[in-house]
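Visitor: I have a structure to go through and would like to talk it over with you. Could you keep the answers plain?

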Amino acid sequence: MTVDAHVSRLFGRDSLYMILWAVQLGCAALLTPVLTRFLGTGEFGTVAAANTVMQVLFVVGGFGLQTAIQRAYAQPGGPAGARRIVTLAIVLALAVTGLALGTVAGWARPLGLTGELPALRLAIAWAGLSAITNASLGLLRSQDRLAAFALVSLVQSAMAEAASLGLVAAVRPTAENFLLGQLLLQAVAVALGLALARPRRPRRTDAPLLRGALGYALPLVPAVLGMLVLSTADRLLIQAALGPDAVARYQVAYNVASGPILLLGVLNTAWMPRFFALAEHGERTAVLAASRDLLYRLLVPLVAGVAIGAPFVLRVWAPPSYRPEDLYWVFSLIVVAAVPFAAQLALHRALVAAGHTGVVAAAVCVAAVANLLLTWALIPPLGLAGAALATVVAYGLLYLGLRRGAATTAPVPAPPRRLRALIAASVTIGLAAAAVPDTPLFLAVRGALVLGTVIWFFRVLTGVRRPSGAVTPGAASGVVVSGVPGSRAVCACAAPDACACRAGS
């Protein structure tokens, strides 16, 4: 299969899984403007803090085994082994959940959440059930069972959000009722996921398989925790420095502005089984470079358009009490953070597919520590914008760390110069948009520019459906030269395991 064909499949059927994962994020984002009108800033801040705790425990309880399940499935004789790893994931998730529930009163105190123990207990149980569901979804994705995957995903996202909103609206507008709705529907998703994935009981002879899965996956736990620090820990620092009202305002801006980052994250999750299946290093490198360049081309109009549209989005997402007009800089900074985030994801895919999870963990942990220090230092002089700026810098540091780690173990050619210039221009436009006044004239200009970026984005996206790369078989040598649409990456393969790739300019 040519590089063109692989990229088309990444943006074809594989993207359907991205859409289903994105639905879960989209439901949360779409619920925000409704929820902020039911809950006061204090209750909404409690939801944000409990959600942060949930995400941390979800990662710890998952032990990175979803990725190990998908990696095992792609190996010879992998389907049965992957189902046994699902069982291991269930046992470990339940153990972590029980430990967290038993010790919650102790660790809630230093977080300043001793008054929110009922909400925290609901969040802990929600995290444990989510970790189990995630393992089953990983197996269903590898099996390419789209209908089953869709059913479980929609129950734990759209239906869960509807249940939470129903409890908040019909019973009482509290953080506990919101979290209870999430917990109840997550339990339904667990039952469905396990019934469809059908995990197997491990045998004694499976001990090497399970040890190997844990050895591969465990470095992903600090890696994902580090990513959570990069994406969520600023809320806790804002809570300590500025209070729950500031957390609520920051969360409203972050929920929408981080849309490109969240979509890139779920796309990475949806794509990983495809990269695991690319056994030849040269082929994998070519597809990594081509898919990254195409994502960059999509990011150029996306970053500029979302940042320019900040006044329209924030006024819909937040009531006047949240002072949305003071959140433009926060919004723009989080939007442009998608650029270094996309850059590091390409290297992350290369390293994880090659089995170098320890390199990923080290780079992420360094960037996470830098993010904490920068957020702590920048909030006093810059307020909420300081936390957003720290996020941008931390993602840049993560990219540099992964690039250094991948230089010898899993190198990926750099994007072409013209594409790098376009990305720099979109970042500049995105930041400049925060300084433009929102007078009627400028709002009209903003609206026209947003429409233009939407058209640009879909023109790039629809171009993926029309592969134009030339595939020329070599005469006696069997050389295949493949150009990727929208990319200047070119690979020549004299044999399946002997490919040379370069990125043009």
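Visitor: Leaving aside neighbours within four places in sequence, which residues is Leu398 in contact with?

Guide: Leu398 is in contact with Met227, Leu230, Gln344, Ala363, Val364 and Ala367, once its neighbours within four places in sequence are left aside; contact here means heavy atoms within 4.5 Å. This is a predicted model, in which local features need pLDDT of at least 70 and side-chain atom pairs count only at pLDDT 80 or more, while totals for chains, interfaces and linings use all residues. Residues are numbered from 1 along each chain as its sequence is written, and side-chain values use heavy atoms, with hydrogens and water left out.

Visitor: Which residues have the most contacts inside the largest nonpolar core?

Guide: Leu398 is one of them, together with Leu65, Ile238, Tyr250, Leu264 and Tyr395, in a core of 149 residues. Helix H6 (residues 117-142) gives the most to this core, with 14 residues. A nonpolar core is a set of buried Ala, Val, Leu, Ile, Met, Phe, Trp, Tyr and Cys residues joined through side-chain atoms within 4.5 Å. Buried means under 20% relative accessible area, exposed means over 50%, and partly exposed lies in between, with a 1.4 Å probe and protein chains only. Helices (H or I, at least four residues) and strands (E, at least two) are DSSP runs, numbered from the N terminus.

Visitor: And for the chain, how many helices and strands, and what share is buried?

Guide: The chain has 20 helices and four strands, and buried residues make up 53% of its 505 residues. Among contacts between residues at least 6 apart in sequence, 79% join residues at least 24 apart.

Visitor: Why is H4 largely enclosed?

Guide: Helix H4 (residues 65-73) is largely enclosed by the rest of the structure because seven of its nine residues are buried. The buried ones are Leu65, Gln66, Thr67, Ala68, Ile69, Gln70 and Ala72.

Visitor: What about H3, what span should it have?

Guide: The 22 residues of H3 should span 32 Å at 1.5 Å a residue, and the end C-alpha atoms are 31 Å apart, which agrees; the expected span is 1.5 Å times one less than the number of residues. H3 covers residues 41-62 and includes Thr46, which is buried at a relative accessible area of 12%. Beyond its neighbours within four places in sequence, Thr46 is in contact with Glu116, Ala119 and Ala175. After H3 comes Phe63, with a positive phi near 55°.

Visitor: Which residue other than glycine has a positive phi near 50°?

Guide: Arg323 has such a phi, and it lies in the loop between helix H14 (310-317) and helix H15 (328-336), where it is partly exposed with a relative accessible area of 40%. Arg198, also not a glycine, has a positive phi of about 50° and sits in the loop between helix H8 (175-197) and helix H9 (207-217).

Visitor: Changing topic, how many salt bridges are there?

Guide: The structure holds five, where a salt bridge is a side-chain nitrogen of Lys or Arg within 4 Å of a carboxyl oxygen of Asp or Glu. One of them joins the side chains of Asp206 and Arg84 (2.9 Å, N to O). That pair links distant parts of the chain, with Asp206 in the loop between H8 and H9 and Arg84 in helix H5 (residues 78-108), 122 residues apart.

Visitor: Are Asp206 and Arg84 buried or exposed?

Guide: Both Asp206 and Arg84 are buried, with Asp206 at 5% relative accessibility. Asp206 also meets Arg203 in a salt bridge (3.1 Å, N to O), and Arg203 is partly exposed at 47% relative accessibility.

Visitor: What about Arg235, which residue does it pair with?

Guide: Arg235 pairs with Asp234 in a salt bridge (2.6 Å, N to O); Arg235 is buried at 5% relative accessibility, and Asp234 is buried at 1%. Salt bridges that share partners join Arg84, Arg203 and Asp206 into one network.

Visitor: Last one, where is Ser164 and what does it touch?

Guide: Ser164 is in helix H7 (residues 146-170) and counts as buried at 0% relative accessibility. Not counting residues up to four places away in sequence, Ser164 touches Asn177, Phe178, Gly181 and Gln182.
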